[in-house]
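Subject: Model handover

Hello,

Here is the structure I promised. My notes follow below it.

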Amino acid sequence: MSVFLLQRLGQALVAIFGVMTLVFFIQRLTGDPTYLLVPETATQADIDALRRSLGLDQPLVVQYVNYLWDMLRLDFGTSYVQNVAVTEIIMSRLPYTLQLTGGALLVAFVIGLPVGLAMAIWRRYRATNLLMGVVLGAQSMPTFWSGILMIMVFGVWLRWLPPSGSGSFSHLIMPSIALGLLSMATYARIARSSILDEMSKDYIRSARARGVTTGRLVGKHLIRNSLIPVISISALEISQLLAGAVIVETVFAWPGLGQLTVQSVQARDFVVVQGIVLLGAFVTISVNLVADILYSVVDPRIRKGGRA
Amino acid sequence: MKATKRAARFALPIALSLGVAISALTPAYAKDVLTVDLVNEPSSLDPHQQWNPDSYYIYRNIFDNMVTRNDAGDIEPQIATEWKRISDTETVFTIRDDVTFHDGTPLTAEDVVYTVERITDTDFASPQLGQFNKIIKAEVTGDNEVTLTTDGAYPALLAQLVKLSIVPKHIASTMTSAEFNEAPVGSGPYVFSSWDRGVSVTVTKNDNYWGDKGPFESVVFRAVPDAATRVADLQAGAADLVVTLNTDLAQQVENGGQGKVLTVNTERVAYFAMNSALAPLDQPDLRRAIGHAIDREAIVEGLLGGYPQIVDQMLSPAHFGWAEGIEGFDYDPEKARELIAGLETAPEAEIELATSPVFDQRVVQAIQQMLTDVGLKVSIETNDMATWLKDQQTSPEQAPMLTFSRWSCACQDPDGIMYPLLHSSSNWSRVKDGEIDALLDAARSELDEAKRAELYARINRMALSDADILPLYQAAIIYGAAENLDWQPTSNESLFINRMSWTE
């Protein structure tokens, strides 16, 4: 198991180095950020002076070596636009993104799983197909539209919830739902097919023959055994949610990383983008590792296989 | 029984969410806190280290400027109480003696000199350097007296000093700009209180302010990137003032019954530039035809809600030197077609119109359509803003053929807009006209205001006769505000809180 883990860790490091290099060069292909930092009236001399002070006048190779050296020392640099350490900027945004992703996963899970279960168990009834239609409809709504719709209804007309911003639990509700709707249908579909899969297996039939009640069958055997695909899809969904958060965060003025990414890319704040992409790579790789470990917790077969 | 049970089942979550909502939305009884929705958070609160509205909307309340403009746009004393030009290049300013910074230290002539030296220091690399680098010397020349020396006669000096925020020497000189940005200390009507990164900046009232004190105990500036969300915040009462609305959203505010629209014509001039260095646009008649083909009234009335004002010179009424009686190209597609038919070399190939999503694409597409209507082939070339800026700032031979843009020098002086766009030495200019160059140079150092205004009027007439560049309209800026907020927005796009008031 530990050899396997070490191997995976080595692969992860190589992947992160690759991401670091790619993000460095791709960004520099897009051009020069200094034009965005000065007023239109700036002279060429002003632009040159600013470029010098940002270190952008250096040859690309020198910039790259400096960058790698800084990364090795875990110095992630200072934002061009805000003149603040990147780690400080990202750490101030990260908790918001975690809250939102958590909230959205919860929404997706709490709605998607029962829907999938209902569709598997009562698959012969037409009404359950309708349910999937509703869930798919909710997923297909673009968030910039459904988000604004929710803001208008619950924030402006009914005034139940604050229309935007952050700071309390009530602020988190609408963005979580808007983002959660995106993953809900995925969960429902995966849960449905996985449960159907399990239902056709022999142990279920023999359990029924033994006279196990439906409730017990579902609660004790079915759900647990069907969870593995759901967990692995969660790992994928988290990165999906982080991407979807870009729009949701912008609509709800939620100060997470998604919003920061868009702003930094637009402003060509290379240093901040590098930090975010690196963090994203780190999270994606770790989440996949964690999912691997979770499989073995849920399914003893994998655990045993790992030891051998 | 069953019905009540069902009702109870529904009532509970509703009551719960209502409780949450009420605790989140209850306003204070008196108007203590003004909430302002900006687009983004400021990039920096060091007034010398950035250049964007979200920053100066905030810090202009924390810092005083050398001089200011009143609501009518006239330059008025602020930190400098009076000024006298003692030679073509030297101006003596008298500094207020009753101003203290927020830490209690008096503001002195030394601070003013330090401020000028800081912003003009090339190593400091202020993005605003180009606005102040004509000042080559600042020195204390008496009690509360500062003399500024400029590189040659510089009539726009006062217009630039409107934006010079005075920083305390004893603080700013002992820390880096990054440190000063974390804890900015000024002398303005509001004191920096906190910055919740990505969320909001809070400032509190300066009770010892020397001038008009602020009407609110504190002001929260929040970052709300989506304009529709800003309007929702306003309509829900979660924000009292929101910035940067488009005309559709302004309509929504006006019809919504909650909040009102405040608008002002800024000093931004929208223009259409044509690359006269390259064929086929090197033919003045083709450029004149384009002038006649663009229906500015349709753009302003049909697309922009009627807010902007059409202008026929590369200036706006908010600028010094605005001249009455200059007539531009009237909309006359027939004449445009005639002019094109009479061209020596008819334009065969597609002409590219460079743009970026920052600009109102409805206007860009409308112009494309109008030019197509008179028989030209125009394609739209969209790039991100940084690329667009880079493409624009080059030699005319490499510059885009057609450009729709808006220009502000944030100084309300013609030199700040006409020199960069018309002088052949400027990276932005597509014009190569020795006579215009000479007139621009003369106007740049002409200290007699009447003569100077006359020079700019002449340049504008010359530029029109050859259709060097087409002035379109003076752009409007639209704010949404709570009904109770009284405020007159100004052309220089500042939010001076101490000029606002609140009536219940």
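In chain B, strands β4 and β5 (residues 90–95) run antiparallel and are joined by five bridges. B:Glu82 stands opposite B:Thr94 of β5(B). Helices (H or I, at least four residues) and strands (E, at least two) are DSSP runs, numbered from the N terminus. This is a predicted model: local features need pLDDT of at least 70, side-chain atom pairs count only at pLDDT 80 or more, and totals for chains, interfaces and linings use all residues. Residues are numbered from 1 along each chain as its sequence is written, while chains are lettered from A and ligands numbered from 1 in the order in which they are written.

The two strands belong to an open sheet of four, in the order β4-β5-β7-β6 of chain B, with antiparallel pairing (strands pair if DSSP finds at least two bridges between them). Its edges are β4 (80–85) and β6 (135–142) of chain B, each pairing on one side only. On average, neighbouring strands are turned by 25 degrees against each other, direction ignored. Helix α3 (residues 109–120) of chain B packs on the sheet and touches β5, β6 and β7 (145–150) of chain B. The direction of α3(B) makes about 170 degrees with that of β6(B). Axes are lines fitted to C-alpha atoms, for helices over the stretch in contact; angles run from 0 to 180 degrees between N-to-C directions.

Next, the contact between the chains. Chain B gives 47 residues and chain A gives 48 (contact: C-beta atoms, placed from the backbone, within 7 Å). On the chain B side, α1(B) supplies the largest share, six residues. That side divides into 25 nonpolar, 17 polar and five charged residues. Ala, Val, Leu, Ile, Met, Phe, Trp, Tyr, Cys and Pro count as nonpolar, Asp, Glu, Lys and Arg as charged, and the others, Gly among them, as polar.

The largest nonpolar core has 212 residues. A core is a set of buried Ala, Val, Leu, Ile, Met, Phe, Trp, Tyr and Cys residues joined through C-beta atoms within 7 Å; buried means 20 or more other C-beta atoms within 10 Å of a residue's own, with C-beta atoms placed from the backbone. Those with the most contacts inside this core include A:Met174 and B:Met418. Helix α8 (residues 169–199) of chain A contributes the largest share, 15 residues. Leaving aside neighbours within four places in sequence, B:Met418 is in contact with B:Met314, B:Leu440, B:Tyr456 and B:Ile459.

Finally, α5 (residues 86–121) of chain A packs with α8(A) at about 35 degrees, axes 5 Å apart.

Best wishes

Terms used. Contact = placed C-beta atoms within 7 Å. Buried ≥ 20, exposed ≤ 12 C-beta atoms within 10 Å, placed from the backbone.
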